[in-house]
Amino acid sequence: MNLDIRSVTVGDVHIGTGNPILIAGPCSVENVGMLREVARAVVEAGVSILRGGSFKPRTSPYSFQGLGLEGLKLLHSVGKEFNIPVVTEVMAIHQIEPAMEHADMLQVGARNMHNFSLLSALGKTDMPILLKRGFMATIEEWLMAAEYLVKEGNDRIVLCERGIRTFETWTRNTLDISAVPLARMLGGYPVIVDPCHASGRRDLLEPLSLAGLAAGADGIMLEVHPDPDKALSDGGQSLSIPEMKKLVFKLLKQSENK
Ligand code: PEP
Ligand code: MN
């Protein structure tokens with residue numbers, strides 16, 4: 001088992017050095033106003049990386065699909081304004097180039113973890129990659145997806161445990177907590193926990209985040225919205241700004257005590 005974690009640098013943020021970091025932001029970039037409001041709040045709270053989806057992998061083709069290139073540009077300019085690195089998802093090879101221009105880290109979502117041509121194309125870049133676990137993927141398959149990046153020359157990989165599909169229906173997915181230490185040990189990559197997609201429930205974000213840190217996660221990723229009930233995607237699992245501030249305060253305190 002490999003206990004050496006290869007740290008990954010995103011902007012001026014180091015992930016996997018033993019000091020857990022926080023990523024937060026809206027599920028989707030909706031407009032410049034909400035993004036600025038969230039960015040200002042997360043920076044004030046001490047979050048290290050701003051997230052925001054612009055190419056959205058929605059279950060229904062009739063749901064909000066994201067702002068595309070316009071959203072990338074907004075994310076870029078708001079990241080610069082508040083001096084915080086940004087991460088966004090790419091779903092297809094042709095989105096890599098514009099996303100590289102506008103983001104500091106690229107996310108491969110759960111639905112694309114098995115998209116080997118996307119992974120190979122990202123492997124040819126030098127971008128840090130946030131590789132989410134597919135909701136039907138074993139840890140072995142997840143680590144093999146990471147190998148598709150490594151094979152092409154990119155080992156700047158951060159894994160993200162975001163829950164797997166089980167028979168349980170009270171939660172959107174089931175957070176696989178044992179995957180956190182296992183993927184770290186077996187792969188040697190930093191692992192962050194996404195309690196939002198794992199649970200689908202705002203009321204579980206605090207205990208699941210704390211559990212993630214206790215299991216050795218190198219970071220936590222949270223969804224935040226100025227008015228979660230009106231969010232265009234994932235409102236039920238998004239924190240309001242005051243809730244985010246409270247939880248981030250707790251998580252930063254917890255990680256200092258490690
Ligand atoms: C997201 O991060 O907004 C997202 C779509 O996540 P996942 O791919 O884990 O469902
Ligand atoms: Mn989401």
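Predicted model: local features only at pLDDT ≥ 70, side-chain atom pairs only at ≥ 80, totals over all residues.
Visitor: How are residues, chains and ligands numbered or lettered, and which pLDDT limits apply?
Guide: Residues count from 1 along each chain as its sequence is written, chains are lettered from A and ligands numbered from 1 in the order in which they are written, and side-chain values use heavy atoms, without hydrogens and water. Totals for chains, interfaces and linings use all residues, while local features need pLDDT of at least 70 and side-chain atom pairs count only at pLDDT 80 or more.

Visitor: In what order do the eight strands close into a barrel?
Guide: Strands are DSSP runs of E, at least two residues long, numbered from the N terminus. Two of them pair if DSSP finds at least two bridges between them. The pairing here is parallel, and the order is β3-β4-β5-β6-β7-β8-β9-β10.

Visitor: What is the bridge partner of Ile23 in β10?
Guide: Strand β3 (residues 21–25) runs parallel to β10 (residues 219–223), and five bridges join them. In β10, Ile23 is partnered by Met221.

Visitor: Which residues are closest to ligand 1?
Guide: A residue is near a molecule if one of its heavy atoms lies within 4 Å of it. Of the 13 residues that surround ligand 1, the closest are Arg51, Ala110, Arg111, Lys132 and Arg162.

Visitor: How far is a backbone N or O atom of Ala110 from an oxygen atom of ligand 1?
Guide: A polar contact is a pair of N or O atoms within 3.5 Å. For the side chain of Lys132, the distance to an oxygen atom of ligand 1 is 2.9 Å. For the backbone atom of Ala110, it is 2.7 Å.

Key: Helix = DSSP H or I, 4+ residues; strand = E, 2+ residues; numbered from the N terminus. Polar contact = N/O pair within 3.5 Å; in protein donor to acceptor, adjacent residues only side chain to side chain.
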